[in-house]
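Welcome! Please take a moment to look over the sequence and the structure before reading on.

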Amino acid sequence: MSDVPLPDEQVLRAQDQAHAEGHDYVKGSPHLRHPRLRADIEARLSRLVRDAVARTGGCRVLEIGAGHGTFTHTLLAAGATVTVTEASKASAEHLAHEFAGDERVQVVHDESGTFLLDQAARWDLAVLISVVHHIPDYLAFFRGLQDVVAVGGAIFTVQDPLWYPRRSRTSHLVSRGGYFAWRLAQGNYRRGLATRVRRLRGGYSETAESDLVEYHVVRQGCDEQAIEALLAERFDVEVFTYWSHQSPLLQHAFERGRLRSDFGVEATRRRRPD
Ligand SMILES: C[S@@+](CC[C@H](N)C(=O)[O-])C[C@H]1O[C@@H](n2cnc3c(N)ncnc32)[C@H](O)[C@@H]1O
């Protein structure tokens with residue numbers, strides 16, 4: 001684990017600030033707002049937990065970036081014990097309060113992003129829901145993560161944008177057009193305009209919160225094929241793709257169609273190290 005670089009401190013600090021007290025996780029999150037997306041994630045999580053319970057009699061889950069614990073409840077209901085990590089202090093406090101007295105849940109405020117680096121513990125399932133795009137070097141992160149997954153165990157990630165250069169033009173156009181319409185309804189125009197001007201100039205700010213928090217959303221998306229290739233060295237890997245949009249109208253209109261915007265990964269049956 002020692003060769004895993006530390007996550008960018010500035011990005012972690014931005015997570016803390018953007019997900020401060022009173023943050024509304026649901027507002028900008030298609031997977032929390034739209035019933036089909038949410039139900040699909042819940043079904044996959046429950047199945048993965050049940051599989052581990054059937055195999056080993058229990059399921060120790062590591063849920064990274066749990067937010068306010070929406071899916072922690074799903075994991076517990078399926079029979080798991082859960083270690084939740086959060087980069088945001090306010091969210092870690094929310095989780096500690098939400099699960100106070102529940103011995104099945106351990107809450108970790110991981111402000112430095114170093115929690116994984118010195119863990120002797122092993123988990124049967126590692127879960128990242130709408131988190132990978134917040135991590136600048138997510139491949140290095142996965143390299144570290146796979147070391148703490150028990151033999152036979154799994155990694156599940158979902159709700160990250162597909163690698164933009166491979167996405168179809170139509171999918172880009174519908175996503176971007178719909179996003180601007182949705183963004184206009186959210187207010188805070190001054191920040192939105194500053195971000196737009198930066199993008200038109202072709203640059204990113206290494207200090208503006210909006211360019212750091214949604215790190216890969218405002219850059220190139222996440223490279224699902226690179227993640228698949230990395231995890232395939234130690235797991236059986238399924239990458240699944242689907243349509244996701246903030247706007248309820250555009251979600252409803254396209255979720256049964258062929259357009260794809262986001263992806264998830266189920267990496268299962270971790271093999272023994274060589
Ligand atoms: C989009 S929210 C998703 C929250 C939750 N998983 C959900 O789906 O409702 C992303 C969360 O990941 C947290 N986060 C980002 N990078 C992290 C990291 N390296 N370690 C732990 N948490 C992180 C953020 O603070 C934020 O709460």
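**The whole protein**

Keep in mind that this is a predicted model. The protein holds 11 helices and seven strands. It has 274 residues, and 49% of them count as buried. Its exposed surface comes to about 13600 Å², with carbon and sulfur atoms supplying 51% of that area. Among contacts with a separation of 6 or more, 72% are made by residues 24 or more positions apart.

Now find the open sheet: seven strands lie in the order 3-2-1-4-5-7-6, and their pairing is mixed. Strand 3 (105-109) and strand 6 (236-242) are at the edges with a single partner strand each, so one side of each has no neighbour in the sheet. On average, neighbouring strands of this sheet are turned by 15 degrees against each other, direction ignored.

Inside this order, strand 4 (residues 123-129) and strand 5 (residues 149-161) run parallel and are joined by six bridges. One place to look is V127, which stands opposite F156 in strand 5.

Which helix packs on the sheet and touches strand 1, strand 4, strand 5, strand 6 and strand 7? Helix 3 (residues 35-56) does, and its direction makes about 175 degrees with that of strand 5.

**Two residues with positive phi**

Q159 has a phi near 70 degrees, a positive value in a residue other than glycine. R269 is not a glycine either, yet its phi is positive, at about 55 degrees.

**A buried histidine in a loop**

Finally, turn to H134, in the loop between strand 4 and helix 6 (138-147). Is H134 buried or exposed? Its relative accessibility is 13%, so H134 counts as buried. Which residues does H134 contact, leaving aside its neighbours within four places in sequence? They are V11, Q15 and H19, together with V213, E214 and Y215.

Conventions. Residues are numbered from 1 along each chain as its sequence is written. This is a predicted model: local features need pLDDT of at least 70, side-chain atom pairs count only at pLDDT 80 or more; totals for chains, interfaces and linings use all residues. Side-chain values use heavy atoms; hydrogens and water are left out. Two strands pair if DSSP finds at least two bridges between them. Helices (H or I, at least four residues) and strands (E, at least two) are DSSP runs, numbered from the N terminus. Axes are lines fitted to C-alpha atoms, for helices over the stretch in contact, and angles run from 0 to 180 degrees between N-to-C directions. Contact means heavy atoms within 4.5 Å. Buried means under 20% relative accessible area, exposed over 50%, partly exposed in between (1.4 Å probe, protein chains only). Accessible areas come from the Shrake-Rupley method with a 1.4 Å probe; for residues, only the protein chains shown count as cover.
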